[in-house]
Amino acid sequence: MLPATFKLCAGISYRHTRNMTGLRKNAMVAIHDELRRLAGPGPVRRRGSLLGSRIEEEEGYSEEELSYVKQGEDALQKAVSILSQQEGWTIETVAANGDKVLSKSLSDIGKVFKLEVMLEQRPDLLYEELVANMEQMGEWNPTVKQVKILQKVGQNTVITHEVSADTPGNVVGTRDFVSVRCAKRRGSTCFLAGMSTQHPQMPEQRGVVRAENGHTCIVMKPCTEDPNKTSFTWLLNLDLKGWIPKTMTNKVLSQMQVDFAHHLRQRMADEVGTGPVQAC
């Protein structure tokens with residue numbers, strides 16, 4: 001349910017991009033513009049950043065691998081477009097510490113939820129935990145039983161299988177997900193996006209409901225007042241499947257986001273300063 005990392009398309013001045021035509025090039029330009037707007041003012045680090053890096057060479061990819069690349073691009077483009085919309089959000093819940101979940105209904109994909117919190121750690125530390133240590137999530141997030149990487153495409157594309165835990169009171173039973181995950185960066189802001197996909201290693205399992213991730217995205221950017229803190233936004237679009245009333249689904253998803261922020265804070269409080277950091 002959380003995105004991992006993928007080096008997607010690059011700055012539009014590179015040879016690979018100039019040679020692309022039609023919708024593919026337009027999509028890349030749209031992603032670039034949306035990321036610029038969401039990340040806010042600031043320099044773009046061309047060398048070594050996801051936004052400023054070259055597109056992965058496509059000649060070495062199979063047709064299946066390229067399909068995962070394109071799915072990741074689509075997920076990122078759609079998610080950042082939704083997050084750029086300022087109007088129409090309704091407050092679902094506000095925690096005592098100020099953590100907030102908002103929602104809005106979209107005609108094409110249904111209801112989306114947006115978590116907005118401030119975290120005490122830098123974006124690079126959070127990136128390390130959510131990406132490099134992805135398969136350890138079940139150790140600190142009680143809503144997750146397991147996260148397993150099924151396949152890597154190049155250095156930065158992953159397809160994952162996730163298994164969720166039952167909710168309290170068994171309101172929602174175990175679900176599993178197969179997702180393609182991607183990441184992008186503009187300056188010091190990290191964008192982690194993903195969506196459901198299919199993978200031959202993990203068909204639907206007997207006795208487990210296969211839920212579906214829509215276009216999801218986490219945005220982590222340094223706090224304007226204190227760059228050692230992170231403004232953390234998580235867009236969630238999730239279909240739990242099964243016979244669950246919409247009112248119950250809405251309550252479960254908004255609470256899941258609040259709980260995630262709580263568990264992530266605890267994890268980072270335990271882990272901060274315990275090892276080397278991988279820049280996002």
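**A walk through the model**

Visitor: Before we dig in, is this model predicted or experimental?
Guide: The model is predicted. Let's start with a helix.

Visitor: Nice. Which residues in H3 are buried?
Guide: The buried ones are Glu 65, Leu 66, Tyr 68, Val 69, Gly 72, Glu 73, Ala 75, Leu 76, Ala 79, Val 80, Ile 82 and Leu 83.

Visitor: And how much of the protein is buried?
Guide: Of the 280 residues, 53% are buried.

Visitor: OK, zooming out: how many helices and strands are there in the protein?
Guide: You'll find six helices and 12 strands.

Visitor: At what angle do H4 and H6 pack?
Guide: H4 (residues 123-132) and H6 (residues 246-271) pack at about 105 degrees, and their axes are 11 Å apart. An angle from 65 to 115 degrees counts as roughly perpendicular, so that is the label for H4 against H6.

Visitor: Which residues meet there?
Guide: From H4 you have Leu 125, Leu 126, Glu 129 and Leu 130. On the H6 side they meet Phe 260, Leu 264, Arg 267, Met 268 and Glu 271. The residues of this contact come to six nonpolar, three charged and no polar.

Visitor: Switching topic: how many disulfides are there?
Guide: Zero, in a search of the whole structure. Take Cys 182: the closest cysteine sulfur belongs to Cys 217 and is 7.5 Å away, so that's too far for a bond. A disulfide would need the sulfur atoms within 2.5 Å.

Visitor: Is Cys 182 buried or exposed?
Guide: Buried, because its relative accessibility is 1% and the cut-off for buried is under 20%. Cys 223 counts as buried too, at 10%.

Visitor: One last spot. Where is Leu 240?
Guide: Leu 240 is in the loop between strand S12 (238-239) and H6. With a relative accessible area of 8%, Leu 240 is buried.

Visitor: So what does Leu 240 touch?
Guide: Leaving out residues up to four places away in sequence, Leu 240 touches Val 172, Arg 175, Val 209, Ala 211, Thr 249, Val 252 and Leu 253. Look at Arg 175: it is 65 residues from Leu 240 in sequence, yet their C-alpha atoms are 7.4 Å apart.

Terms used
Residues numbered from 1 in each chain as written. Predicted model: local features only at pLDDT ≥ 70, side-chain atom pairs only at ≥ 80, totals over all residues. Heavy atoms only, no water. Axes fitted to C-alpha atoms, helices over the stretch in contact; angles between N-to-C directions. Helix = DSSP H or I, 4+ residues; strand = E, 2+ residues; numbered from the N terminus. Parallel < 35°, antiparallel > 145°, perpendicular 65-115°, else oblique. Contact = heavy atoms within 4.5 Å. Nonpolar A, V, L, I, M, F, W, Y, C, P; charged D, E, K, R; others polar. Buried < 20%, exposed > 50% of the residue type's maximum accessible area, 1.4 Å probe, protein only.
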